[in-house]
Amino acid sequence: MVEFFSTSLMKLVITLCVVVISVTVPIVEAKIRHYKWEVKYEFKSPDCYKKLAITINGRTPGPSIVAQQGDTIVVELKNSLLTENVAIHWHGIRQIGTPWMDGTEGVTQCPILPGDTFIYKFVVDRPGTYLYHAHYGMQREAGLYGSIRVSLPDGESEPFRYDYDRSIILNDWYHKNTYEQSTGLSSKPFVWVGEPQSILIQGRGRFDCGTPGIAAGLCNATNPECAPYTLTVVPGKTYRLRIGSLTALSALSFEIEGHNMTVVESDGHYVEPFVVKNLFIYSGETYSVLIKADRDPSRNYWASAKIVSRNSTTPNGLAVLNYYPNHPRRKPASNPPVGPQWDDIVPRLAQSSKIKSHRGFIHAPPLTSDRVIVMLNTQNEIDGHRRWSVNNVSFSLPHTPYLIAYKHNMLHAFEQSSPPDNYDSKNYDIFSVQKNANATASNGAYRLKFNTTVDIVLQNANTMNKNNSETHPWHLHGHDFWVVGHGSGKFDSIEDPKKYNLVDPIMKNTVAVHPFGWTALRFRADNPGVWAFHCHIESHFYMGMGVVFEEGVEKVGKLPTSIMGCGETKGYIRP
């Protein structure tokens with residue numbers, strides 16, 4: 001009897017210990033990560049040419065945000081631009097439960113005024129490679145951007161192995177300031193921004209200081225700010241290279257001399273691995289590639305970024321893959337890679353079609369959709385002003401942000417007519433300069449029924465220049481979408497949906513529609529809020545190439561007054 005009670009007491013003690021341990025020792029504890037940033041103009045020479053750039057704490061690119069899944073990010077942002085407003089978008093972060101923190105001026109918040117401090121606070125809910133950048137005017141191309149790297153919680157593993165993790169951002173760089181560019185885009189006659197002067201790899205490039213017409217003292221080829229970016233590797237090790245593009249205009253081909261790259265992740269989703277010699281990347285996209293330092297370790301190698309899809313004279317951006325212990329400034333002995341032909345669309349289409357979800361991480365899309373919106377991308381004119389349009393409607397932002405207007409019933413602050421769901425596909429020739437060049441301007445929004453499935457078909461067409469169609473990377477805020485199809489020519493609403501990939505499509509937040517082609521995507525309207533969907537080319541969005549989706553805004557919680565103070569919300573006082 002005594003033995004029975006002793007055994008029972010021992011079991012009870014063990015059980016209580018297990019319960020106490022499970023309650024008092026959490027497996028994973030999310031962190032709050034604080035950043036204090038000051039945004040201001042400084043003279044910088046990222047490509048050896050000195051000009052004003054927008055910096056964060058004196059840097060461009062700005063500081064990287066490094067976190068784990070589930071962490072809360074707090075950014076205390078002071079606007080010291082003196083004469084400009086600002087807003088920062090957290091590109092790829094879905095802002096579930098915090099749509100007011102998306103950082104899109106005119107859509108989710110009023111801009112941050114000169115001298116003011118604004119606090120962004122949000123959760124990074126998924127691991128992956130993301131970006132941040134200005135979302136006010138054309139400030140992104142002035143240098144206000146950076147990277148976000150979110151890792152898995154401790155103890156969890158990814159479906160690939162590597163020894164070291166590195167991040168780089170590719171960008172194009174203009175010597176004209178954004179005021180000159182935006183004024184030209186809005187002028188009669190129209191003044192195009194032209195091709196960029198340089199391609200930057202992690203904020204560094206090289207402009208030819210011997211170019212005629214450069215004023216003395218403006219360009220210094222020996223300035224250490226424009227020394228090539230160097231990525232040092234240890235022979236035999238494998239590196240995860242997170243590559244993001246925040247170009248203002250350019251589609252790029254990135255390659256590393258003599259090294260193959262294995263694509264394993266894109267926009268925060270694991271990819272069924274495939275090997276490329278050069279990676280095509282469009283503005284707003286991110287990729288993770290694996291490279292192994294398995295070449296001749298006695299020398300260094302070039303990394304190169306070349307403009308494709310445009311007949312550009314901009315020289316390739318160059319960086320150095322430095323094999324330790326070679327000196328990081330030791331120039332590679334060979335010539336840099338030339339890169340693919342700018343107008344060879346076949347390999348670009350092939351890469352777009354090759355990207356599939358990793359077979360162990362497939363999130364199957366709904367088999368049918370509740371609504372189909374076909375968006376024709378065209379150039380138009382409105383009262384003599386050159387514009388970009390969707391279904392013959394050019395987008396403009398209202399003075400009162402949509403999220404506030406919908407939530408506080410200020411619907412008079414913008415047009416209530418919804419943009420069209422389609423265009424006259426039967427009679428429209430996408431291969432010719434349009435006969436009707438005139439468009440209308442509107443700030444009306446698409447209202448999506450909450451928790452429904454929406455198909456978007458992006459249809460490319462000829463611009464106002466003969467035999468010309470451009471590449472447009474489209475970015476959706478607040479969501480990831482399934483890329484269910486790509487095609488050349490005009491989308492066939494009967495036959496092409498039968499070919500959709502509904503088995504293992506990749507999920508992304510940014511996707512390209514190729515010249516004279518179409519791209520189909522599917523998403524769930526399940527994130528309450530108001531979200532921008534737009535071409536990520538800076539000048540194109542400025543010229544009206546975008547739309548806004550409203551979904552379930554009645555489910556959004558109380559809005560913080562810190563996002564208010566403009567338009568119809570001037571009576572609201574910021575704390």
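A pocket here is an open set of grid points with protein on both sides within 12 Å along at least five of seven lines, and its lining residues have an atom within 4 Å of a point. Keep that in mind as you click around this predicted model.

**Stop one: the second largest pocket.** Select Ser309, Arg310, Asn468, Ser469 and Glu470, which lie nearest the centre of the second largest pocket. Its lining runs to 21 residues, and the space inside comes to about 390 Å³. Colour that lining by type and you'll get six nonpolar, nine polar and six charged residues.

**Stop two: the largest pocket.** Now pick Glu105, Tyr136, Gly137, Met138 and Tyr542, the residues nearest the centre of the largest pocket. About 630 Å³ of space lies here, with 28 residues around it. Want to see which elements give two or more residues to this lining? Show β7 (128-134), α2 (178-185), β31 (529-535) and α5 (538-542). By type, the lining splits into twelve nonpolar, eleven polar and five charged residues.

Start with Cys48 and Cys226, joined S to S at 2.1 Å. The torsion about their S-S bond is about 95°, so this disulfide is right-handed. Cys48 sits in the loop between β1 (32-44) and β2 (51-56), and Cys226 in the loop between β10 (198-201) and β11 (230-233), so the pair ties together parts 178 residues apart in sequence. Both cysteines are buried.

Next, select Cys110 and Cys566, whose sulfur atoms are 2.0 Å apart. This link is left-handed, with -85° about the S-S bond. Cys110 is in the loop between β5 (88-91) and β6 (117-123), while Cys566 is in the segment after β32 (546-551), so the bond ties together parts 456 residues apart in sequence. Are these two buried or exposed? Both Cys110 and Cys566 are buried.

Then jump to Cys209 and Cys219, with their sulfur atoms 2.1 Å apart. Their link is left-handed too, at -70°. Both lie in the loop between β10 and β11, so the parts tied together are ten residues apart in sequence. Cys209 is partly exposed, at 23% relative accessible area, whereas Cys219 is buried, at 16%; the cut-off for buried is under 20%.

With the bonded cysteines numbered in sequence order, the pairing reads 1-5, 2-6, 3-4.

**Last stop: Cys535.** Finish by selecting Cys535, which is buried with a relative accessible area of 1%.

How values were computed: Residues numbered from 1 in each chain as written. Predicted model: local features only at pLDDT ≥ 70, side-chain atom pairs only at ≥ 80, totals over all residues. Heavy atoms only, no water. 1 Å grid on protein atoms, 1.4 Å probe; cavity = no way out; pocket = protein on both sides within 12 Å on 5 of 7 lines; lining within 4 Å. Points joined across faces, edges and corners; volume = space filled by probe spheres on them. Helix = DSSP H or I, 4+ residues; strand = E, 2+ residues; numbered from the N terminus. Nonpolar A, V, L, I, M, F, W, Y, C, P; charged D, E, K, R; others polar. Disulfide = S-S within 2.5 Å. Buried < 20%, exposed > 50% of the residue type's maximum accessible area, 1.4 Å probe, protein only.
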